[in-house]
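I opened this structure for a first look and kept short notes as I went.

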Amino acid sequence: MNPFCIQIVEGNPQLRSLLGWHLQQTGYKVCQAAGLRQSRDLFLQHSPKLLLIDVELPDGNGLELCRWLMQYDCSVAIVSARSTEADVVAGLRAGADDYIRKPFGMQELLARVEALLRRQKAPAPVARLSYGPLEIDLVQRRVKLQDELIELTPQEFSLLYVLAQSEGTPLTRAELLKRAWPDEIDNPRTIDTHVLSLRKKIEIDPRQPTFVQTVRNVGYCFNVPLVPPLPEAVGEPARMLEAPVQVMS
């Protein structure tokens with residue numbers, strides 16, 4: 001999982017969705033805004049490390065957002081169809097770190113994103129995760145429930161850690177199998193057995209689980225809305241997509 005969150009500020013819903021999809025497939029967290037007001041609220045909520053901002057927004061000029069962001073520790077790239085030298089100069093003077101002209105290739109955009117994020121210091125690895133009465137020690141690989149040590153098998157611990165890292169995103173049995181035990185087990189249905197065993201150990205009432213939730217027709221998820229959010233952890237470097245995509249405004 002990539003530690004960086006990227007915010008897209010784009011008035012075109014199709015382009016906004018396309019950019020978000022490619023960035024998520026590359027491993028980044030993504031939040032999206034259609035205009036200035038929404039973008040400020042999302043920024044304060046998610047604290048993204050990089051923003052991709054169009055100049056022409058439904059409720060104002062993207063340069064206003066660039067100037068507002070200068071007070072925060074983040075990188076900014078303008079993504080705009082305005083391509084004259086004067087436009088680029090105005091964008092850089094407004095606080096942008098890069099200027100990407102439309103149309104652009106998706107490989108180029110992802111390379112520029114990677115370059116901008118390389119300049120930022122990645123967060124330190126997290127040693128301990130706390131979710132109300134549940135505490136996960138990533139160094140000692142120990143779990144406590146209401147300050148009592150819970151004995152988990154290595155497979156159960158890996159499963160719990162992968163679920164917690166998903167931050168509430170439902171994962172299929174196949175995805176859990178691949179992430180938790182990529183070289184050990186090849187039957188996705190064994191996930192159900194391990195989930196049942198895990199619930200008996202970490203849930204106050206396994207019949208009405210609080211943490212590990214079943215998602216019908218999908219698999220399982222970690223019930224983040226009921227517990228404090230998971231701190232970001234250092235993940236693998238983003239991988240570039242193979243096929244180039246030409247993006248128009």
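**Entry 1: the model**
I noted before anything else that this is a predicted model.

I found 4 strands in an open sheet, ordered 9-10-11-12, with antiparallel pairing. Which strands stand at the edges? They are strand 9 (128–131) and strand 12 (148–150); each has a single partner strand, so one side of each has no neighbour in the sheet.

**Entry 2: strands 11 and 12**
Next I went to one pair within that sheet. Strand 11 (residues 142–145) pairs with strand 12 over 3 bridges, in the antiparallel sense. I found Lys144 standing opposite Leu149 in strand 12.

Gln146 isn't a glycine, yet its phi is positive, at about 55 degrees. Asp147 is another non-glycine residue with a positive phi, near 70 degrees. Are they buried or exposed? Gln146 has 52% relative accessibility, so I put it down as exposed, the cut-off being over 50%. Asp147 has 72%, so it counts as exposed as well.

**Entry 3: helix 6 over the sheet**
I wanted to know what lies across these strands. Helix 6 lies across strand 9, strand 10 (134–137) and strand 11. Helix 6 runs at about 110 degrees to strand 10.

**Entry 4: helix 6 against helix 8**
How do the axes of helix 6 (residues 154–165) and helix 8 (residues 190–202) cross? They come within 10 Å of each other and cross at roughly 90 degrees. Because of that angle, I call helix 6 roughly perpendicular to helix 8. From helix 6, the contact uses Gln155, Glu156, Leu159 and Leu160. From helix 8, it uses Ile191, His194, Val195, Ser197, Leu198, Lys201 and Ile202. I sorted the residues of this contact by type and got 6 nonpolar, 3 polar and 2 charged.

**Entry 5: the buried side of helix 7**
Which residues of helix 7 (residues 173–180) are buried? I found Leu176, Leu177 and Ala180. They cover an arc of only 100 degrees around the axis, so they're on the same side of helix 7. I remembered the general rule here: an α-helix has 3.6 residues a turn, so residues three or four places apart point the same way. As for the cover over the buried residues of helix 7, it includes helix 6, strand 13 (171–172), helix 8 and strand 15 (219–222).

**Entry 6: Leu116**
I picked out Leu116, which is found in helix 5 (residues 106–118). With 2% relative accessibility, Leu116 counts as buried, because the cut-off is under 20%. What does Leu116 touch, leaving aside its neighbours within four places in sequence? I listed Leu50, Ser75, Ala77, Asp97 and Asp98. Leu116 and Leu50 are 66 residues apart in sequence, but their C-alpha atoms are 7.8 Å apart in space.

**Entry 7: a cis peptide bond**
Last, I checked the bond from Lys102 to Pro103. This peptide bond is cis, with omega near 0 degrees. Pro103 is found in the loop between strand 7 (98–101) and strand 8 (104–105).

Key: Residues are numbered from 1 along each chain as its sequence is written. This is a predicted model: local features need pLDDT of at least 70, side-chain atom pairs count only at pLDDT 80 or more; totals for chains, interfaces and linings use all residues. Side-chain values use heavy atoms; hydrogens and water are left out. Axes are lines fitted to C-alpha atoms, for helices over the stretch in contact, and angles run from 0 to 180 degrees between N-to-C directions. Helices (H or I, at least four residues) and strands (E, at least two) are DSSP runs, numbered from the N terminus. Angles under 35 degrees count as roughly parallel, over 145 as roughly antiparallel, 65 to 115 as roughly perpendicular and the rest as oblique. Contact means heavy atoms within 4.5 Å. Ala, Val, Leu, Ile, Met, Phe, Trp, Tyr, Cys and Pro count as nonpolar, Asp, Glu, Lys and Arg as charged, and the others, Gly among them, as polar. Two strands pair if DSSP finds at least two bridges between them. Buried means under 20% relative accessible area, exposed over 50%, partly exposed in between (1.4 Å probe, protein chains only). The arc is that of the directions from the helix axis to the C-beta atoms.
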